[in-house]
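I opened this notebook to record what I looked up in one structure. The entries follow the order in which I went through the topics.

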Amino acid sequence: MIETDLELLRGIANQLRIHCITATTAAGSGHPTSCLSAAELVAALFFGHMRYDPKNPRHPNNDRFILSKGHAAPLLYAAWAEAGLFPVEQLGQLRQITSDLEGHPTPRLPFVDVATGSLGQGLGIGVGMALAARQNGLDYRTYVLMGDGEIAEGAVWEAASLAGIRKLNNLIGIVDVNRLGQSEATAFGHDLVTYRRRFEAFGWRVEDVDGHDLEEIMEVLGGVGLGDQPLCILARTYKGAGVSFLQDRDGWHGKPLNKDEAARAIAELVPSARPAAGVAIPPPSPLSPPERPAPSAYPPVQYERGQMVATREAYGNALARMGEVDLRIVAMDGDTKNSTFAERFARKFPDRYYECYIAEQNLVAVAVGFSTRGFVPFASTFACFFTRAYDHIRVAGISQANIKLVGSHVGVSIGEDGPSQMGLEDLAMMRAVAGSTVLYPSDAVSAEKLVEQMALRRGLCYLRTSRPKTPVIYNNEEEFPVGGAKVLRQKDGDRVTVVAAGVTLHEALKAADLLAAQGIGITVIDAYSIKPLASEVILAAARKTGNRVVTVEDHYAEGGLGDAVAGELSAQGVQVHKLAVRELPRSGKPEELLARYGINAEAIAAKVRALA
């Protein structure tokens with residue numbers, strides 16, 4: 001860079017500051033001082049370094065930028081406005097209900113790949129994007145701007161670890177070390193040595209810069225891609241930088257300036273501010289990702305009726321089978337692949353499998369990163385361990401991420417491992433995620449067909465798989481559309497409708513046989529689609545059984561299948577009686593546990609007799 005270019009970047013940085021102050025003052029809310037500290041960093045990246053098409057933010061080989069410190073959203077919006085993507089006047093609509101310029105970024109905007117603002121998630125998503133670049137043979141780089149406060153989050157270090165292990169030299173983490181958190185100073189303030197040691201311990205190359213010195217920033221950015229390590233840039237900055245009465249002052253986090261304060265601040269900035277109009281932004285290299293269309297069909301499923309197969313094993317079979325024709329699929333696991341059976345995909349397609357180790361937050365984040373680049377990622381672990389990553393899953397829903405999560409070892413039916421390993425909350429958890437699809441197969445055929453549905457369906461999908469082997473009850477040709485259900489037993493005179501899924505479906509079928517011997521008929525429904533639920537199918541059956549419905553599930557009573565059915569049918573005057581796990585379970589054999597917690601065939605039969 002020559003001096004005049006540096007002066008221009010300094011002017012652009014102050015122009016970005018003015019936009020941030022103006023927009024947050026007009027909105028009456030926001031985080032202007034968090035924007036001001038990073039103004040030079042963003043100016044350098046967007047107008048002096050990154051390769052991208054400012055008119056096409058979705059270009060597949062654009063350098064990617066993730067604003068992990070999402071509360072600085074006005075700075076991101078200002079950069080894209082100055083780059084010419086939309087008129088700067090629209091910045092005045094910040095945080096208005098009619099505007100997509102929301103308080104924190106979401107993918108409603110074409111230049112935002114993922115929702116951010118729940119801190120600590122951006123770096124893991126960046127790891128997924130950087131891995132996807134390698135998978136696609138593209139040379140874009142992924143830049144993640146973090147705040148120093150957020151790197152107290154453990155998820156950051158899960159991501160830092162995998163990036164170091166994978167030697168992602170196309171990943172650049174930038175830490176805006178502005179010293180001040182929301183309520184007080186950060187733990188280490190401007191102690192860059194401590195931050196340096198931490199990142200270096202995870203295998204990163206680290207560079208320190210004065211985050212307001214554009215010459216230093218540009219010099220370090222000129223070394224991006226050198227060596228085989230990811231790069232961390234530690235930028236020493238000041239919160240509220242550029243405005244004398246805000247700079248390095250506590251008590252301003254999340255506080256907009258009033259009109260008089262904004263006028264004073266802007267008066268300080270205007271003399272040196274310059275717009276970015278006419279700045280030449282280097283274009284991305286003309287590489288394109290490989291074509292990976294969704295297949296017209298998958299290879300056939302092959303099981304025999306009565307064959308004993310766990311649905312978790314069927315998941316592994318499905319991935320390996322589908323991976324032959326669906327090149328969009330990548331898989332990752334959290335060091336449980338020999339239990340989830342993701343290892344079958346890993347062995348067959350090692351170049352499309354990513355071990356994320358015991359770091360479930362990063363497991364989900366990496367999947368989200370891959371999904372932004374056109375892949376269909378399947379991420380698996382024990383269902384109970386997804387609870388560690390729930391905030392990542394929640395934000396993936398906000399991001400409308402196309403990820404597929406598979407949780408195994410659900411319920412008391414896992415047996416002797418005990419309650420810490422039993423996924424008993426996962427249906428409630430996943431049902432609550434915005435836009436989610438929740439599926440629960442009962443045999444190998446339904447499991448494999450539902451994995452196909454997940455791959456073809458856009459959005460966040462969750463598949464619940466079981467540890468015990470269960471008999472195959474469906475023909476290989478059976479279809480399982482999302483939102484459907486299967487009526488497996490039904491005849492005139494049935495007294496109760498029993499709705500089940502997974503292992504409890506087999507218990508319901510056994511109960512039907514027990515009750516039939518006593519002259520009591522029940523309708524049995526396989527509710528394999530928990531969300532969306534086939535409420536019309538269940539309601540039609542309930543009308544024929546005097547509006548009496550029993551749900552039975554290997555899950556806690558709160559938020560699972562029973563609540564899904566009751567929530568849909570209660571307004572129709574249908575009585576729903578829930579059989580579920582209602583106390584903290586113990587270790588034991590699966591059949592002992594199903595009996596103890598009232599969800600086996602005998603318990604179902606007893607409940608039906610009480611109602612009939």
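I began with the largest pocket, which holds about 350 Å³ of space. The model is predicted, so I kept to its rules: local features need pLDDT of at least 70, side-chain atom pairs count only at pLDDT 80 or more, and totals for chains, interfaces and linings use all residues. Residues are numbered from 1 along each chain as its sequence is written, and side-chain values use heavy atoms, with hydrogens and water left out.

I noted 23 residues lining the largest pocket, and the closest to its centre are His71, Leu119, Gly149, Gln182 and His253. A pocket here is an open set of points on a 1 Å grid over the protein atoms alone, where a 1.4 Å probe fits, with protein on both sides within 12 Å along at least five of seven lines; lining residues have an atom within 4 Å of a point. A volume is the space filled by probe spheres set on the points, which are joined across faces, edges and corners.

I then sorted the lining of the largest pocket by class and found four nonpolar, twelve polar and seven charged residues. Ala, Val, Leu, Ile, Met, Phe, Trp, Tyr, Cys and Pro count as nonpolar, Asp, Glu, Lys and Arg as charged, and the others, Gly among them, as polar.

I turned to the second largest pocket, with about 280 Å³ of space. Its lining has 17 residues, of which Arg58, Asp113, Ser371, Thr372 and Arg458 are the closest to the centre. By class I recorded seven nonpolar, five polar and five charged residues.

Next I looked up Met50, which lies in the loop between helix 3 (39-48) and strand 1 (64-67). Helices (H or I, at least four residues) and strands (E, at least two) are DSSP runs, numbered from the N terminus. Met50 has a relative accessible area of 2% and is buried, a term for values under 20%, with exposed over 50% and partly exposed in between (1.4 Å probe, protein chains only). Not counting residues up to four places away in sequence, Met50 touches Leu45, Asp63, Phe65, Tyr143, Ile281 and Pro282; contact means heavy atoms within 4.5 Å.

Ser466 counts as buried at 2% relative accessibility. Leaving aside neighbours within four places in sequence, I listed Ala310, Thr311, Arg312, Val410, Tyr440 and Val503 as the contacts of Ser466.
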